[in-house]
Amino acid sequence: MKTIKNIIAVSIVLSILLLGCQPASPPAPAAPTQAGAPAAQVTEAPQPVTITFWDGVGAPENEVFTKLVTQFNETNPDGITVNEVMLDWGTLYSKILLDYKAGNAPDVTTLQMTS
């Protein structure tokens, strides 16, 4: 039961982080030029965004995260992709310390909760 609560908690956090990646609202209309016609707007295509997600949760619980990531990647129209990297806990904890110090930490990671 505790594992299910942990999965739900991490899923909520991941969802909140992914919602924060939604594109900003469209820019306000351009002010009219002296002739009274609106100035031409230059719209740029949104740049693709990749979110790195380190998953230390082992089988079978990690299947939930993998399904969520796959569903998000398949249905997101905004050019945001989540790259899930599955690691065992020992590797994750060693790697995150080194990568954080080197400036290469993941955008999102799972961590174990102690009671």
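Predicted model: local features only at pLDDT ≥ 70, side-chain atom pairs only at ≥ 80, totals over all residues.
I took helices (H or I, at least four residues) and strands (E, at least two) as DSSP runs, numbered from the N terminus. I numbered residues from 1 along each chain as its sequence is written, and I used heavy atoms for side-chain values, leaving out hydrogens and water.

**Entry 1: the chain**

I found three helices and three strands in the chain. From the N terminus on, I read their order as α-β-α-β-α-β. I noted that 22% of the 115 residues in the chain are buried; buried means under 20% relative accessible area, exposed over 50%, and partly exposed in between (1.4 Å probe, protein chains only). The chain exposes about 8400 Å², and carbon and sulfur atoms supply 61% of this area. I computed accessible areas with the Shrake-Rupley method and a 1.4 Å probe; for residues, only the protein chains shown count as cover. I then looked up contacts, defined by heavy atoms within 4.5 Å. Of the contacts in the chain with a separation of 6 or more, 66% join residues 24 or more positions apart.

I located Trp89 and Tyr93 in helix α3 (residues 89–102), where they are four residues apart, about one turn of the helix. Trp89 is partly exposed at a relative accessible area of 22%, and Tyr93 is also partly exposed, at 30%. I placed Ala105 in the loop between α3 and β3 (108–109). Ala105 has a relative accessible area of 31% and is therefore partly exposed. Beyond its neighbours within four places in sequence, Ala105 is in contact with Asp99 and Tyr100. From Ala105 to Lys95 I recorded 8.7 Å, C-alpha to C-alpha, at 10 residues apart in sequence.

**Entry 2: aromatic pairs**

I paired rings of Phe, Tyr and Trp (its six-membered ring) if their centres lie within 6.5 Å; planes under 30 degrees apart count as stacked, over 60 as edge-to-face and the rest as tilted. By this rule I counted two aromatic pairs. Phe53 and Phe65 form an edge-to-face pair, at 5.7 Å centre to centre and 70° between the planes. This pair links distant parts of the chain, with Phe53 in strand β1 and Phe65 in helix α2, 12 residues apart. Phe53 and Phe65 are both buried. Trp89 and Tyr93 have ring centres 5.8 Å apart and planes at 20°, so I logged the pair as stacked.

**Entry 3: the nonpolar core**

I defined a nonpolar core as a set of buried Ala, Val, Leu, Ile, Met, Phe, Trp, Tyr and Cys residues joined through side-chain atoms within 4.5 Å. The largest has nine residues: Ile51, Phe53, Val57, Phe65, Val69, Phe72, Ile80, Val82 and Val108. At least two residues of this core come from each of β1, α2 (62–75) and β2 (80–86). Helix α2 gives the most, with three residues. Setting aside residues up to four places away in sequence, I found Val69 touching Phe53, Val82 and Glu84.

**Entry 4: Asp55**

I found Asp55 in strand β1 (residues 49–55). Asp55 is buried yet has no salt bridge, and the nearest side chain of opposite charge, Lys67, is 13 Å away. For this search I counted Lys and Arg as positive and Asp and Glu as negative, leaving out His and the chain ends; a salt bridge is a side-chain nitrogen of Lys or Arg within 4 Å of a carboxyl oxygen of Asp or Glu. Not counting residues up to four places away in sequence, the residues that Asp55 touches include Asn62, Phe65 and Thr110.
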